Amino acid sequence: MATKEEILEELKEAVIEYEEDDCVEAARKVLDNPDLLTPMDGVLDGLAAGMEKVGELFDSHEYFVPEVLMCADALYAGLDVLRPHITLTETGPRASVVLGSVQGDVHDIGKNLVKMMFDIAGWEVHDLGRDVPLEDFVEKQLATGSDVLAMSAMMTTTMLGMKKVIAMVKEKNPDCLIMLGGAPLTRDVANLFGADGYAESAGNAVSEGIKMIGNLRKFEKGEVE
Amino acid sequence: MTELTGKERVLKMFNKEAIDRMPCFSGQGAVTVQAIEKMGTQFAKIHNDAELMAGAALTSARMWNLDGLVVPFDMAAVAEAMGRGVSLYDGADGIIYPTVPNKWKDLDAIDIPADFMSKGRMPIIDDAFAILKKEAPDLAVGAWVLGPFTQAGQIMELDILLKGLKKKKDQIDAFLGRMTEITIDMCKHYEGLGVDFISVREMGSGTDLLSPRMWKTLIQPNLTRVFDAISIPSVNHICGSTDMIIEMMHECGADALSVDQKNNVVETRTKIGNDALILGNFDPYGTLTTLEDSSEVANVIKKCIDDGVDAVWPGCDIWPDVRKENMETFVATVREYGVKPSPAVKRI
C-alpha cells in the first residue's frame with residue numbers, strides 16, 4: 001500500500017511529466033486513502049508542488065510554454081478529481097476573482113495560467129474569457145464584489161483599455177485589487193494605470209503565478225503569517 | 001549630387017551599397033493618428049477600403065518624412081480570407097486593431113480555401129499596393145506577411161498549436177509545411193505586385209514561447225524555405241526574446257534581421273558579424289507614445305544606432321497615438337545621427 005509521501009510524489013511527477021492519466025490515477029489514490037491525506041493535501045503538496053517544480057524548469061529554460069501548458073492540463077486533470085471533495089472549511093473563506101483578456105485581444109494563454117493559480121488556491125473564479133468589452137469587466141466586478149480583478153493584454157494595441165477599466169472600478173470599489181498582465185506591460189505602465197499588481201508575459205505569469213502558489217502553500221502550512 | 005529618394009535609399013541599404021544617410025522606415029505598421037485625422041477618417045475604417053488604407057500609409061509617410069511604407073495594418077486579413085471571420089471594432093472607443101474571432105480548435109477541422117487570396121480583404125490590400133505604387137514612386141513600398149508558425153496561430157487556437165508541437169509533432173509538422181507553402185505563395189504574389197521589400201513576421205516564435213531546440217526543428221526549416229523563395233529584399237522579423245536564436249535566424253537567409261528591444265544588438269553583432277543587416281530595436285509604445293521629454297526619444301534612437309543597427313526600426317507596429325514631438329525627434333535623430341556609416345552599410 002502506498003504511503004502519503006508516495007502518493008504526493010506520484011501527483012508531482014504526473015504534473016511535471018505532463019501525464020494527465022497518471023495525474024487522475026494519483027488523485028484517485030488520494031481519495032482512496034482518507035486516513036493518509038486530505039484532498040487539500042493532494043492539491044497543495046502534490047499538484048501545486050509539482051507546478052512549483054515546473055516553474056523552476058521554466059526559469060532555467062528547460063521547459064518553455066508548450067511544456068507548461070501540458071503540465072497545466074495534467075494539473076487540472078488531477079484538480080478536477082480532487083476539488084469536488086474539498087470542503088469550504090478546509091480552505092477557509094472563499095475569495096473571488098474576475099479575470100479576462102481585454103477587448104481587441106484574443107490571446108489568453110497568460111490569462112489561463114494566472115487562472116490556474118487562483119483555481120489551485122480554491123478561489124471563486126469568474127472567467128470572462130477573451131476579447132472582453134471593457135464595460136463587462138466593470139459590470140462583473142461590481143456584480144460579484146470580487147476581491148481581485150485581473151486583466152490580460154498580449155499586445156500593446158489593447159492594453160490601453162485597461163486604464164479605463166481600472167478608473168471605473170476604483171471609483172466605485174476602491175478596495176478591489178487590480179492585477180494586470182501581458183507582454184507589452186511594464187511595471188511603470190501598470191503603475192501609471194493605477195494597478196496593484198503586474199506580470200509581464202505568459203512566461204512571467206508562470207513564474208509569478210507559481211511563486212504565489214508557493215506562498216500559498218507556506219501560508220496554508222502556517223509557515224508565514 | 002542629387003539626393004537619393006527614399007526608395008533608392010532603402011533599396012541601396014538592402015543591397016549594402018553606400019548611401020547618404022540611414023533610411024527611416026519600418027516593415028511594421030507606421031500609421032499615426034495625426035495622419036488619420038488629417039484625412040478626416042477613423043482608425044477602424046482604414047482596414048476595409050483600399051483608398052483609405054493606402055491613404056493612411058502614404059499620409060503618415062509624407063507627414064513624418066519616412067523613406068518607405070507598408071500596408072496593411074492588421075494581422076487578421078489572411079485568417080479572415082480563410083473563413084475565420086474578423087472583428088473590426090468599428091463601434092469601440094479608441095484604437096483597436098482587427099482580430100480573428102473564430103479560430104479552428106482542431107487540426108483535423110482545418111480547411112483552407114484554395115482561393116483565399118481573392119477572399120475577404122485580400123483584394124483590398126492588392127488595390128492599396130497598386131495605389132501606393134502609383135502615388136508614391138519615390139518611396140519604398142513594403143509588404144509583410146506572417147511567418148508560417150505565427151499565421152498558424154492566427155487560424156487555430158494557439159494553446160492547441162503549442163501543445164501539438166509536443167503531442168502531435170508529425171501532424172503539426174505537416175500543417176506548418178502547408179502554412180509555409182501559403183506564406184511562399186503570398187510572398188510571390190506581393191512580389192508580382194511590384195513591392196520593393198517583404199518582411200516576414202514570425203513574431204510568435206521567440207523564446208518567450210518556444211525553446212531554441214523547437215525553433216531549430218520547427219521554425220528554422222520553414223523560414224529557410226520562405227526566404228529561399230523570395231527574390232526581392234527580405235526581412236526576418238521576430239519580436240520578443242531572440243538572443244538565444246539570433247544565429248539561427250541569420251542562417252534562414254533573409255537579407256536583413258529585425259528584432260525588438262529585448263534583443264541585445266551589441267551581442268548580436270558579435271555573434272553574426274558586421275556584414276549582416278540588422279534593423280531595430282526600440283520599443284515603439286514606450287518611446288513614441290509615453291516619453292514626455294523628446295530628448296529621451298533622441299537618446300533611445302541614438303542607442304539603437306550606437307549598438308549597431310543598420311536602420312532604426314520599431315520593434316512592433318508604431319502605436320498610432322504617437323506624440324507629435326516624439327515622432328519628429330525619432331525621424332530627425334535617424335537623419336542626423338544616422339549620417340555616420342552603420343556596420344553593414346557605408347556612406348557616400
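1. The axes of helices H3(A) and H4(A) come within 10 Å of each other and cross at roughly 180 degrees, where axes are lines fitted to C-alpha atoms, for helices over the stretch in contact, and angles run from 0 to 180 degrees between N-to-C directions. The two helices, H3(A) and H4(A), are therefore roughly antiparallel; angles under 35 degrees count as roughly parallel, over 145 as roughly antiparallel, 65 to 115 as roughly perpendicular and the rest as oblique. Among the residues that make the contact are A:Leu47, A:Met51 and A:Phe58 of H3(A), and A:Val68, A:Leu75 and A:Leu82 of H4(A), two residues being in contact if their C-beta atoms, placed from the backbone, lie within 7 Å. By class this contact has 11 nonpolar, three polar and no charged residues (Ala, Val, Leu, Ile, Met, Phe, Trp, Tyr, Cys and Pro count as nonpolar, Asp, Glu, Lys and Arg as charged, and the others, Gly among them, as polar). Helices (H or I, at least four residues) and strands (E, at least two) are DSSP runs, numbered from the N terminus.

2. This is a predicted model, in which local features need pLDDT of at least 70 and side-chain atom pairs count only at pLDDT 80 or more, while totals for chains, interfaces and linings use all residues. Residues are numbered from 1 along each chain as its sequence is written, and chains are lettered from A and ligands numbered from 1 in the order in which they are written.

3. Chain A is divided into domain 1 (4-91) and domain 2 (96-206), with bounds that come from an automatic or database domain assignment. Between them, 12 residues of domain 1 of chain A are in contact with nine residues of domain 2 of chain A. On the domain 1 side, the elements giving two or more residues are helix H3 (39-59) and helix H4 (65-82) of chain A, and that side has 10 nonpolar, two polar and no charged residues.

4. Turning to the chain contact, 20 residues of chain A are in contact with 23 residues of chain B. H4 and helix H8 (156-172) of chain A are the elements that give two or more residues to the chain A side, and the largest share, five residues, comes from H4(A). The residues of that side divide into nine nonpolar, nine polar and two charged.

5. Chain B holds an open sheet of seven strands in the order E1-E2-E3-E4-E5-E6-E7, with parallel pairing; two strands pair if DSSP finds at least two bridges between them. Strand E1 (68-70) and strand E7 (311-314) of chain B are the edge strands, each pairing on one side only. Five bridges join the parallel strands E2 (residues 140-146) and E3 (residues 197-201) of chain B, and B:Ala143 has B:Ile198 in E3(B) as its bridge partner.

6. Helix H1 (residues 6-14) of chain B packs on this sheet, and its direction makes about 55 degrees with that of E2(B). The buried residues of H1(B), including B:Val10, B:Leu11 and B:Phe14, pack against E1, E2, E3, E5 and E7 of chain B.

Definitions and conventions: Buried ≥ 20, exposed ≤ 12 C-beta atoms within 10 Å, placed from the backbone.
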